[in-house]
Amino acid sequence: MFQDFNNKKKKKVAEIYQALNSDPIDVAALRRMAISEGGLLTDEIRRKVWPRLLNVNTSDPPPLLGKDLRQMSKDYQQVLLDVRRSLRRFPPGMPDEQREGLQEELIDIILLVLERNPQLHYYQGYHDIVVTFLLVVGEKLTTSLVEKLSTHHLRDFMEPTMDNTRHILNYLMPIIDQVNPELHDFMQSAEVGTIFALSWLITWFGHVLSDFRHVVRLYDFFLACHPLMPIYFAAVIVLYREQEVLDCDCDMASVHHLLSQIPQDLPYETLISRAGDLFVQFPPSELAREAAAQQEATRTAASTFKDFELVSAQQRPDMVLRQRFRELLRPEERTKDVLTKPRTNRFVKLAVMGLTVALGAAALAVVKSALEWAPKFQLQLFP
């Protein structure tokens, strides 16, 4: 078994470098590798692939930090406090001198991105995302990657108010309802809301997971997918814990306490695959009305995703998931009918969940041209 795993890993590494060495670089293949089992495998590979997933030109470094930026920045004191509290985000056993040096770099990167993008507003938790990049790719590359990420995937969290963040959180319960109405109704009765998932969402789970390997695995997945994928992953965590939730007292305090304590031994690969399947089954376009359709589409990062992904050829991430899903369903038309028919009752939904689990176990291995779906999806996202 170990030998098989080793062979699969070697094969995947070879495929990643083949995609990197293609002319032009095969970004679609890189997305497939980032999504599929194991993600990008090593930080050395992430340093090469993450810039490609974000369409960042690594030969064009950002300008140096101005000497007086710390004195001028209105966010400096808050950033300083948050970074000083970030000790647990650094590897255990790292020498104090090295950690302190990285914390200084972390402060400077955050302040520089904010200085260069005055439309962005700092929020507590942002540093958890930046430190993940810093530990993987180093200071110079982190600035470029985080700046692109902040103006696209994270933009909703960096608005002057939390309106857009609340809007994204509003997708959580509709996703759960589509799969497990009993769990949805229980949570509604408990009036637990969605605030338990706020730190998951705004830090891409970096703040709540103690094992750095799990954090970067999720970052591989999120960087290769649509900006709303983290909320789908949050939903599958809740769905995975169904029995624990239903065993709780049906009150806000009990359910919130349970869900806010995220387990550290989650089956990450299974949940990643399920999240991808649910995204294809129940895309945001179908959930938008239920998730507060009154929200202005032009103000959300999801609404600008088409522009972002079309900046460079072959960067159409969600097609990786959709095409795989189609290929898996093609031989079973009856299954396809169940998956695509309107919601009817609890038993149909539970059957759908069973199919999702089965499909989630399959390798995310299919990626082809993505010309047809992502643009169409964007047009439908917010009617």
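## A tour in the viewer

Start by selecting Asn 55, which counts as partly exposed because its relative accessibility is 26%. On this scale, buried means under 20% relative accessible area, exposed means over 50%, and partly exposed lies in between, with a 1.4 Å probe and protein chains only. Asn 55 has phi near 55 degrees, a positive value in a residue other than glycine. Its place is the loop between H3 and helix H4 (69–72).

The model is predicted: local features need pLDDT of at least 70, side-chain atom pairs count only at pLDDT 80 or more, and totals for chains, interfaces and linings use all residues. Residues are numbered from 1 along each chain as its sequence is written, and side-chain values use heavy atoms, with hydrogens and water left out.

**The whole chain.** Show everything as a cartoon. The protein has 23 helices and zero strands; these are DSSP runs numbered from the N terminus, with helices being H or I of at least four residues and strands E of at least two. Of the 383 residues, 56% are buried. Contact means heavy atoms within 4.5 Å. Among contacts with a separation of 6 or more, 79% join residues 24 or more positions apart.

**A cis bond.** Go to Pro 24, in the loop between helix H1 (2–21) and H2. The peptide bond from Asp 23 to Pro 24 is cis, with omega near 5 degrees.

**H5 and H6.** Select residues 76–84 and 96–116: the axes of these two helices, H5 and H6, come within 10 Å and cross at roughly 145 degrees. Axes here are lines fitted to C-alpha atoms, for helices over the stretch in contact, and angles run from 0 to 180 degrees between N-to-C directions. Which residues make the contact between H5 and H6? From H5 they are Tyr 76, Val 79, Leu 80, Val 83 and Arg 84, and from H6 they are Gln 103, Leu 106, Ile 107, Ile 110 and Leu 111. Eight of them are nonpolar, one is polar and one is charged. For this count, Ala, Val, Leu, Ile, Met, Phe, Trp, Tyr, Cys and Pro are nonpolar, Asp, Glu, Lys and Arg are charged, and the others, Gly among them, are polar.

**H7.** Next select residues Tyr 126 to Val 137; 12 of the 12 residues of H7 are buried. Covering them are, among others, H3, H5, H6, H8, H12 and H13.

**H13.** Select residues 212–223. H13 is largely enclosed by the rest of the structure, because 10 of its 12 residues are buried. Helices H2, H3, H7, H8, H14 and H17 are included in what covers the buried residues.

**The core.** Phe 205 also belongs to the largest nonpolar core, which has 109 residues; Trp 50, Tyr 126, Met 187, Trp 200, Phe 205, Ile 231 and Phe 233 have the most contacts inside it. Helix H14 (229–240) gives the most to this core, with 10 residues. A nonpolar core is a set of buried Ala, Val, Leu, Ile, Met, Phe, Trp, Tyr and Cys residues joined through side-chain atoms within 4.5 Å. End at Ile 231: leaving out residues up to four places away in sequence, Ile 231 touches Ile 168, Leu 169, Tyr 171, Leu 172, Ile 175 and Leu 201.
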